[in-house]
Amino acid sequence: MEEIKKQTILSGIQPSASSITLGNYLGALKNWAMLQDEYNCIYGIMDMHTITVRQTPAELRKNTVSLIAQYISAGLDETKNLIFIQSHVPAHAELAWILNCYTQMGELSRMTQFKDKSAKHHDNINAGLFTYPVLMAADILLYQADLVPVGADQKQHLEITRDIAERFNSIYGDVFTIPDAYIGKESARIMSLQNPTAKMSKSDPNPNGCIYLLDDIDTVVRKIKRAVTDSEACVRYGEGKDGVNNLLNIYSSVTGKTIDEAVAEFASCGYGELKAAVAEAVAEELRPIHAKYDDLMKNKDYLESIYKKGSETANYISRKTLNKVKKKVGFVL
């Protein structure tokens with residue numbers, strides 16, 4: 001019987017901080033780990049994207065290796081997933097330049113992330129920030145990805161990727177796979193603990209608003225106990241209860257319980273008891289991750305072997321697509 005070919009899923013995270021957030025973990029990494037047997041999974045450490053904002057070189061190098069360890073600690077089996085460092089694969093930059101020539105200025109100027117980052121980094125509005133979506137398109141199209149897990153803030157990037165690929169294919173034939181959004185099990189959007197109307201983010205100006213995957217347990221507990229709630233003192237899920245909703249979402253995400261089950265569990269409790277339970281649930285989730293991470297970071301040679309092998313495989317796969325593209329546009333190979 002003919003073996004059914006697995007679809008390819010591609011995603012990645014920027015090493016722009018020393019640790020990913022609890023929101024990144026619950027919204028992305030934890031879900032990625034559940035895909036690795038069913039799909040051909042490719043996950044990049046997207047360091048080329050990171051430098052659209054000024055980085056300290058030594059920290060970027062350290063964060064890049066740390067992120068590989070975080071991927072594995074959070075459940076990505078390095079033998080089942082292709083894990084690579086973006087800057088180790090020259091085809092990303094090469095294809096991005098070619099695709100720049102098939103992307104319209106108007107398309108890029110409408111991208112909301114460019115507007116947001118320009119407002120935050122008004123002293124460094126560089127061309128890379130503007131053409132960032134084209135590099136992201138190259139990331140996806142190089143590997144002929146069928147599916148891309150996207151959050152609400154990334155849908156625009158997938159849409160422009162599809163537009164670029166369809167434009168190129170209409171001129172040169174079926175060169176690129178047109179990627180679709182991967183819609184998996186719906187995961188809650190984790191918000192800032194101090195401003196629960198905003199997404200939990202590494203750039204949160206309030207250090208108590210964001211839990212990092214590598215925060216020590218005491219810090220996690222302290223941040224959750226300081227989380228914003230409201231004056232109603234009633235544990236329920238609903239409109240106008242953003243802080244309580246966020247705590248319930250976190251609890252539901254780490255325990256696997258539904259929101260209704262969580263609300264029923266805390267029906268007769270105050271906010272202090274809710275926060276204590278959420279803190280303990282998150283701590284239980286993070287303890288084995290911390291232990292695995294600490295072990296990996298003691299073995300830098302092993303981590304190096306993972307990213308070198310991954311980049312070698314990524315170079316092989318991406319080069320096949322790039323050579324096809326170069327031939328189509330008329331470059332001498």
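The report below starts with the whole chain and then visits some individual residues.

## The chain as a whole

Keep in mind from the start that this is a predicted model. The protein chain is built with 13 helices and five strands. Its C-alpha atoms fill a box of roughly 70 × 50 × 45 Å along the principal axes.

How does the radius of gyration compare with that of a compact globule? For 333 residues, such a globule would have a value near 20 Å, and the protein chain has 21 Å, so the two agree. Contacts tell us about the fold as well: among those with a separation of 6 or more, 75% join residues 24 or more positions apart.

## Surface and charges

Of the 333 residues, 48% count as buried. The chain exposes about 16400 Å², and 51% of that area is supplied by carbon and sulfur atoms.

The protein chain carries 38 positive and 41 negative charges.

The largest nonpolar core has 61 residues, and the members that touch the most others are Y25, L29, I68, Y71, I224 and V282. Which helix gives this core its largest share? That is helix α12, residues 271-297, with eleven residues.

Setting aside residues up to four places away in sequence, Y25 touches I20, K30, A74, L213, E285 and I289. There is also a second, separate core of 38 residues, whose members include L141, Y143, I160 and V325.

Find L60 in helix α3, which covers residues 57-73. Is L60 buried or exposed? Its relative accessible area is 15%, and the limit for buried is under 20%, so L60 counts as buried. Beyond residues up to four places away in sequence, L60 touches P15, T50, I51 and Q55. By contrast, G44 is 16 residues from L60 in sequence, and their C-alpha atoms are 15 Å apart in space.

Now move to A314 in helix α13, residues 300-329. A314 has a relative accessible area of 0%, so this residue is buried too. Leaving out residues up to four places away in sequence, A314 touches L82, F84, V89 and Y143. The C-alpha atoms of A314 and Q194, 120 residues apart along the chain, are separated by 40 Å.

## Residues in loops

D204 sits in the loop between β5 (180-182) and α9 (217-225). Apart from its neighbours within four places in sequence, D204 is in contact with S192, G209 and C210. L193 is eleven residues from D204 along the chain, with 10.0 Å between their C-alpha atoms.

Most residues other than glycine have a negative phi. Q144, in the loop between α7 (127-142) and β4 (147-149), has a positive phi near 50 degrees. A233 is not a glycine, yet its phi is positive at about 60 degrees.

Where is A233? You will find A233 in the loop between α9 and α10 (242-255). Its relative accessibility is 55%, and exposed means over 50%, so A233 counts as exposed.

How values were computed. Residues numbered from 1 in each chain as written. Predicted model: local features only at pLDDT ≥ 70, side-chain atom pairs only at ≥ 80, totals over all residues. Heavy atoms only, no water. Helix = DSSP H or I, 4+ residues; strand = E, 2+ residues; numbered from the N terminus. Rg over C-alpha atoms; globule rule 2.2 N^0.38 Å. Buried < 20%, exposed > 50% of the residue type's maximum accessible area, 1.4 Å probe, protein only. Contact = heavy atoms within 4.5 Å. Areas by Shrake-Rupley, 256 points an atom, 1.4 Å probe, with all protein chains shown as cover. Lys, Arg positive; Asp, Glu negative; His and termini not counted. Charge placed at Lys NZ, Arg CZ, Asp CG, Glu CD. Core = buried A, V, L, I, M, F, W, Y, C linked by side-chain atoms within 4.5 Å.
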